[in-house]
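Here are a few friendly notes to read alongside the model. Please keep the structure open and look up each residue as you go.

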Amino acid sequence: STTAALPLVVGRWRDYQPSTCAGALAVEEGQDGAPVEEESSERFYARLANEWSTVVVSQAPRMMRLIATQAIPTPLRGRLWPLLAIDGPAWERRLRYPKLFDKLKEATSTHEKAIQKDLHRTFPGMALFADADGEGQRDLRHVLNAYACFDNKVGYAQGMAFVAGMLLMYMDAETAFWTFLSLMQDEVYKLRLMYGPGVGGFHLMIFQIDQLVKEHLPDVWEHLDSALFGAAVYAPLFVPSLFLGRTDIASG
């Protein structure tokens, strides 16, 4: 069945090696050398979402090219982000515990006060999260509380609300929870390392940002370094929220 095949397929599309992407990133040509007319990216992604378990592996080169150059069209993010993010084990866990989110979202958590304090601070300009008694803040609290109960060693940390909030702009609360869980725990993303326990992953990311600036913008890095204004000074405002907290996201 499609559901049974999904974990294997999801794992396989990410195994597509970037080193073999030269052909995928190149302009597609026909037999006469003329560019082949392609369907629009939105039509392609819609077809991909509808036929995920059968076409995703064969279309991996094109999918990577479109993601790199055009991103996923807004109307389809709610369908494709979970398919791309939730790996085999996470999908199997979701099937094994179908009521887990409903059980954890209202469970008692030691992080309830910290979560509640950050709800109105998360995308405050967005209508979805503007009302303290509205659906957006309620769903955000449920997703964050459910994860804090699921992973009590990490619990909740500032910045997580923006990541979960972004997911809620495109999908229902339960799907957002499973997608967020995958982003936190999947070996590909490992966001859990940044939020704790401990701060080793966070400091590693700060170091990586500093080294990237040094490598690609040496003049900027030298100027910042001379002023003792390295990544450890400016990046903590951006990194925990994956830059979402400081990004102007149009409402609606």
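1. Phe 238 is partly exposed, with a relative accessible area of 28%. Here buried means under 20% relative accessible area, exposed means over 50%, and partly exposed is in between (1.4 Å probe, protein chains only). You will find Phe 238 in the segment after α16 (231–234). Helices such as this one (H or I, at least four residues) are DSSP runs numbered from the N terminus, as are strands (E, at least two). Leaving aside neighbours within four places in sequence, Phe 238 is in contact with Phe 243 and Arg 246; contact means heavy atoms within 4.5 Å. The C-alpha atoms of Phe 238 and Gly 159 are separated by 8.8 Å, while the two residues are 79 residues apart along the chain.

2. A word on the source: this is a predicted model, in which local features need pLDDT of at least 70 and side-chain atom pairs count only at pLDDT 80 or more, while totals for chains, interfaces and linings use all residues. Residues are numbered from 1 along each chain as its sequence is written, and side-chain values use heavy atoms, with hydrogens and water left out.

3. Which residues have the most contacts inside the largest nonpolar core? They are Met 160, Phe 177 and Tyr 195, in a core of 49 residues. A nonpolar core is a set of buried Ala, Val, Leu, Ile, Met, Phe, Trp, Tyr and Cys residues joined through side-chain atoms within 4.5 Å. Helices that each supply at least two residues of this core include α7 (88–96), α10 (135–150) and α12 (173–185). Not counting residues up to four places away in sequence, Phe 177 touches Leu 100, Phe 101, Val 143, Ala 146 and Tyr 147. Another core, of 12 residues, lies apart from the largest one, and Phe 44, Leu 48, Ile 72 and Leu 83 are among its members.

4. Now look at helix α6 (residues 77–85), which is mostly covered, with 7 of its 9 residues buried. Leu 83 is one of these buried residues, and Arg 77 and Gly 78 are also among them.

5. Helix α14 (residues 200–216) packs against helix α15 (residues 218–226) at an angle of about 125°, with their axes 5 Å apart. Axes are lines fitted to C-alpha atoms, for helices over the stretch in contact, and angles run from 0 to 180 degrees between N-to-C directions. The two helices α14 and α15 are therefore oblique to each other: angles under 35 degrees count as roughly parallel, over 145 as roughly antiparallel, 65 to 115 as roughly perpendicular and the rest as oblique. On the α14 side, the residues in contact include Asp 210 and Val 213, and on the α15 side they include Pro 218 and Trp 221.

6. How many salt bridges does a search of the whole structure find? The search finds 6, where a salt bridge is a side-chain nitrogen of Lys or Arg within 4 Å of a carboxyl oxygen of Asp or Glu. One of them joins Asp 118 and Arg 121, with the closest N and O atoms 3.0 Å apart. Asp 118 is buried at 8% relative accessibility, whereas Arg 121 is partly exposed at 40%. Another pairs Lys 190 with Glu 187, with the closest N and O atoms 3.4 Å apart. Here Lys 190 is partly exposed at 37% relative accessibility, and Glu 187 is exposed at 62%.
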